[in-house]
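Look at the sequence and the structure first.

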Amino acid sequence: MKVEQYEKLRYHVLSESAPDHQYLVDLGENKGNGACSCEDFSCRKMPTFEKTGKIVQYGEPEATRCKHINACLIEIGSLFLDRINGRV
């Protein structure tokens, strides 16, 4: 998935199934859980977060983060490691 930062903690993530569509991800929302404009987040992940108040990673049962939020977190981690290792 292609991830592009457009503001602090806000990203565009290109859709895998519809390359001309992008989702908006805000990692600063929902007490650090993040938010995404995708249907999976709004219909499944956000209601679970509202019910439990817990952050549960993508891929886990009762996850509160969608794959687009996960892609942004991976991107941030990769950039962080690149900076630590002097590659950026």
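## Burial and basis of the model

Of the 88 residues in the protein, 33% are buried; buried means under 20% relative accessible area, exposed over 50%, and partly exposed in between, with a 1.4 Å probe and protein chains only. The model is predicted: local features need pLDDT of at least 70, side-chain atom pairs count only at pLDDT 80 or more, and totals for chains, interfaces and linings use all residues. Residues are numbered from 1 along each chain as its sequence is written, and side-chain values use heavy atoms, with hydrogens and water left out.

## Overall make-up

The protein contains 2 helices and 4 strands, in the sequence pattern β-β-β-β-α-α. The radius of gyration is 13 Å, close to the 12 Å from the globule rule for 88 residues, so the protein is as compact as a globular protein of that length. Helices (H or I, at least four residues) and strands (E, at least two) are DSSP runs, numbered from the N terminus. The radius of gyration is taken over C-alpha atoms, and the globule rule is 2.2 Å times the number of residues to the power 0.38.

The C-alpha trace spans about 40 × 30 × 20 Å along its principal axes. Among contacts with a separation of 6 or more, 28% are between residues 24 or more positions apart; contact means heavy atoms within 4.5 Å.

## The sheet

The 4 strands form an open sheet in the order β1-β2-β3-β4, with antiparallel pairing. Strands β1 and β4 (35–36) stand at the edges with a single partner strand each, so one side of each has no neighbour in the sheet. Two strands pair if DSSP finds at least two bridges between them.

## Strand pairs

Strand β1 (residues 3–7) runs antiparallel to strand β2 (residues 10–14), and 4 bridges join them. Glutamate 4 is opposite histidine 12 in β2, and glutamate 7 has arginine 10 as its bridge partner in β2. These two strands form a hairpin with 2 residues between them, and leucine 9 in the turn has a positive phi of about 65 degrees.

On which strand does the residue opposite tyrosine 11 lie? Tyrosine 11 stands opposite valine 25, which lies in β3. Strand β2 and strand β3 (residues 22–26) are paired in the antiparallel sense over 5 bridges. In a regular strand, side chains alternate between the two faces of the sheet.
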